[in-house]
Amino acid sequence: MEDSKQKDFIEQFYLDSGFATRALHAGEHVGQPETRSHTNAIFQTSTFYFHDAQEGADIFAGAKSGYVYTRLGNPTVKVLEAKINALEGAAFKLAHPDRTVSSLVFSSGMAAVSAVFLSAASNGDTVLVSDMGYGATEHFCRNVLARMGVKTVEVDMSDLKKVEAALEANPKAKLVYLETPVNPTLKLADIAEISKRARAVNPSMHIVVDNTFATPYLQRPFELGADVILHSTTKYICGHGVVVGGVVTTIDDGMKDSLYQVIKDVGASPSPFDAWLVNLGIKTLPLRMEKHCGNAMAVARHLEQHPKVSRVYYPGLESFPQHALAKKQMSGFGGIVSFELKAGFEAGRKLMDSIKMWTLAVSLGCVDSLIQHPASMTHACMPKEKREKAGLTDGLVRLSVGVEDLDDLIRTLDQGLAQT
Ligand SMILES: Cc1ncc(COP(=O)(O)O)c(C=O)c1O
């Protein structure tokens with residue numbers, strides 16, 4: 001099959017297939033019909049040869065398609081881009097056949113986060129950002145954006161009245177940046193309502209969603225009104241804790257062109273081998289997410305009735321203040337559970353030092369379970385007053401619930417809690 005025919009076949013195929021089918025098949029075999037390899041190859045090369053000088057000039061000029069240099073594009077990375085397009089954008093593409101869904105793969109989640117801001121905002125511009133989010137995102141806004149002369153307005157995105165007031169006060173803001181569920185308090189932002197209200201104020205404002213915690217399996221922001229979605233693929237998308245990576249998917253062609261320019265100029269492109277590993281991980285995303293969600297729900301319910309625990313944060317619990325919103329915009333509640341111990345941070349430290357099987361490590365979304373302390377680890381770079389104002393107390397412990405047998409997760413958690 002010719003390459004172009006193969007590409008059409010794949011695009012047709014993914015649009016009307018189910019999520020698990022797309023996770024397995026979309027993007028596979030792109031650009032490698034000659035070999036007929038069942039799994040896609042790893043093109044671990046920095047550069048690509050030309051047949052002659054004219055061909056090199058034509059490819060550089062865009063008159064002929066072809067790869068030139070891996071920072072600018074690579075066939076292994078392209079497979080991953082096609083697969084993420086299919087997962088985040090199939091419903092949008094079916095509804096808008098004339099529009100384009102584009103994904104760009106980055107060397108880390110933070111490369112993806114920073115590229116979005118660098119693409120959308122310049123000196124003198126304003127961006128609206130959630131008052132709680134991944135620590136390095138907050139740090140990037142407070143330091144790099146501030147030095148560039150971009151004003152960051154922090155908003156409690158869980159409160160629509162506050163969002164409305166911020167939009168009215170900043171109608172020229174370039175983007176609204178939502179992380180939902182947010183790391184690590186799991187607060188939610190209503191993507192559909194915020195998109196609607198932002199567009200009413202300024203139709204060209206970008207709505208960006210960091211979809212790392214939910215994954216496209218549980219939440220698809222394009223269907224709710226967002227136009228830019230990003231992930232730290234380090235987490236659930238890869239799923240096995242073997243890669244640091246990121247991706248941005250957009251339905252805005254101008255944003256796509258700017259992001260590509262950032263990859264080219266800043267050099268935030270991924271290694272082909274990492275892209276291959278992420279693509280491999282995605283094939284089991286639906287299976288893993290089902291198990292993560294089931295285990296996390298059971299762990300959250302168990303902790304909620306544990307005598308040593310004062311508070312549990314999990315969007316699937318009826319006691320979670322935004323449970324109704326979680327049911328509205330997500331098809332499952334994810335694998336992250338945060339909680340506080342009645343005896344405070346010292347008890348949390350004893351738990352982390354004594355617990356067996358749960359690995360004391362940052363990151364999340366691995367197949368195996370992790371435990372960590374956000375205030376001294378992932379969010380230590382955020383000022384303490386700011387953390388506390390947004391609900392991240394020093395006593396909060398974050399669990400990334402893995403896909404182990406549930407009985408073992410509960411037993412080891414109880415054994416650890418008994419030591420506190
Ligand atoms: C929600 C969220 N976004 C972005 C990032 C940054 O991703 P990376 O560590 O891959 O650079 C993280 C990392 O933990 C995260 O949790």
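**Ground rules.** I'm working with a predicted model, so I note that local features need pLDDT of at least 70, side-chain atom pairs count only at pLDDT 80 or more, and totals for chains, interfaces and linings use all residues. Residues are numbered from 1 along each chain as its sequence is written, and side-chain values use heavy atoms, with hydrogens and water left out.

**H5 against H6.** I looked up helix H5 (residues 109-120) and helix H6 (residues 135-148); helices are DSSP runs of H or I, at least four residues, and strands are runs of E, at least two, numbered from the N terminus. Their axes are 11 Å apart, at an angle of about 35 degrees. Axes are lines fitted to C-alpha atoms over the stretch in contact, with angles from 0 to 180 degrees between N-to-C directions. For contacts (heavy atoms within 4.5 Å), I find Phe117 and Leu118 among the H5 residues, and Phe140 and Leu145 among those of H6.

**Cavities.** I searched the whole structure and got five cavities of 30 Å³ or more. A cavity is a set of points on a 1 Å grid over the protein atoms alone where a 1.4 Å probe fits but cannot get out, and lining residues have an atom within 4 Å of a point. Volume is the space filled by probe spheres set on the points, which are joined across faces, edges and corners.

The largest cavity holds about 80 Å³. H6 gives the largest share of its lining, three residues. The second largest cavity has about 60 Å³, and its lining includes Asp131, Asp156 and Lys187.

Key:
On a 1 Å grid over the protein atoms alone, a cavity is a set of points where a 1.4 Å probe fits but cannot get out, and a pocket is an open set with protein on both sides within 12 Å along at least five of seven lines; lining residues have an atom within 4 Å of a point.
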